[in-house]
Amino acid sequence: MSQADLKGDMLQAMRRLAKSVTIITTSNGQERFAMSATAVDSLSTEPPSLLICVNKTASLHAVLDAGADFCVNILGLEQEELSHLCSGPVKGEARFQRGDWRSSSTGVPYLGDAQSAILCQQDGKFSYGTHTVFIGRIVEIHNSAEISPLVYLNGAYTTTAPSLAVAG
């Protein structure tokens, strides 16, 4: 199989992998940066950590590459517009014009009404192909009481379940 065929088949396979939609946020101390992403996953519970995969051409890549901390904001169904805003031609501070944006004690922006806002201290990285994998050691989490995840599947937004309350 040629590399072009393999790439095309991989892209088709990934369209079948339902993923929660997130907005990754960071700051360089002067500007805030945000990017919609689905390449996010848990890494370990000891220590609590996750990883994000960021294309080297993304506007926030240089800030993360310099060691900035970040937040993974897991979006709810009602936040589809924010995902579009953070993945389109709008850049920089303009991506923060909508939404309940707040700032952590360390200056990392997070979405106050996200399904979950997971604040991370950057704890490692490695480059692979077109992306860098950044590891985040979780330092703080804000969870919503409701669960209505925004999911990306086959090139479209959807959800997996009706709105549910978190089981206590």
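Two strands count as paired if DSSP finds at least two bridges between them. Helices (H or I, at least four residues) and strands (E, at least two) are DSSP runs, numbered from the N terminus. The structure is a predicted model, in which local features need pLDDT of at least 70, side-chain atom pairs count only at pLDDT 80 or more, and totals for chains, interfaces and linings use all residues. Residues are numbered from 1 along each chain as its sequence is written, and side-chain values use heavy atoms, with hydrogens and water left out.

**View 1**

**View 1. Strand 6 and its partners.**
Which strands are joined to strand 6 by five bridges? One is strand 2 (residues 22-27), which runs antiparallel to strand 6 and is joined to it by five bridges. Thr22 has Ile74 of strand 6 as its bridge partner. The other is strand 9 (residues 116-128): five bridges join it to strand 6 (residues 70-74), and these two strands also run antiparallel. Cys71 is partnered by Leu119 of strand 9, and Asn73 stands opposite Ala117 of strand 9. Four of the five residues of strand 6 are buried, so this strand is largely enclosed by the rest of the structure. Buried means under 20% relative accessible area, exposed means over 50%, and partly exposed lies in between (1.4 Å probe, protein chains only).

Gln115 is placed in the loop between strand 8 (109-111) and strand 9. Is Gln115 buried or exposed? With a relative accessibility of 9%, Gln115 counts as buried. Its side chain reaches the backbone nitrogen of Ser148 at 2.8 Å. A polar contact is a pair of N or O atoms within 3.5 Å; within protein, one must be able to donate a hydrogen and the other to accept it, and residues adjacent in sequence count only if both atoms are side-chain atoms.

Five salt bridges are found in a search of the whole structure (a side-chain nitrogen of Lys or Arg within 4 Å of a carboxyl oxygen of Asp or Glu).

**View 2. The salt bridge of Arg98 and Glu81.**
The side chains of Arg98 and Glu81 meet in a salt bridge with an N to O distance of 3.2 Å. Arg98 lies in the loop between helix 3 and strand 7, while Glu81 lies in helix 3, so the pair ties together parts 17 residues apart in sequence. Arg98 counts as partly exposed at 45% relative accessibility, as does Glu81 at 47%.

**View 3. The salt bridge of Asp123 and Arg137.**
Asp123 pairs with Arg137 in a salt bridge whose closest N and O atoms are 3.3 Å apart. The pair links distant parts of the chain, 14 residues apart, with Asp123 in strand 9 and Arg137 in strand 10 (residues 131-143). Asp123 is partly exposed, with a relative accessible area of 41%; Arg137 is partly exposed at 34%.

Strand 12 (residues 151-153) and strand 13 run antiparallel and are joined by three bridges. Leu153 has Ala156 of strand 13 as its bridge partner.

**View 4. A nonpolar surface patch.**
Met10, Met14 and Leu17 make a nonpolar surface patch of about 300 Å². Patches are made of residues with over 30% relative accessible area and no salt bridge, with like charges joined within 9 Å and nonpolar side chains (Val, Leu, Ile, Met, Phe, Trp, Tyr) within 5 Å. Accessible areas come from the Shrake-Rupley method with a 1.4 Å probe; for residues, only the protein chains shown count as cover. Leu17 is located in the loop between helix 1 (3-14) and strand 1 (19-20), and its relative accessibility of 44% counts as partly exposed.
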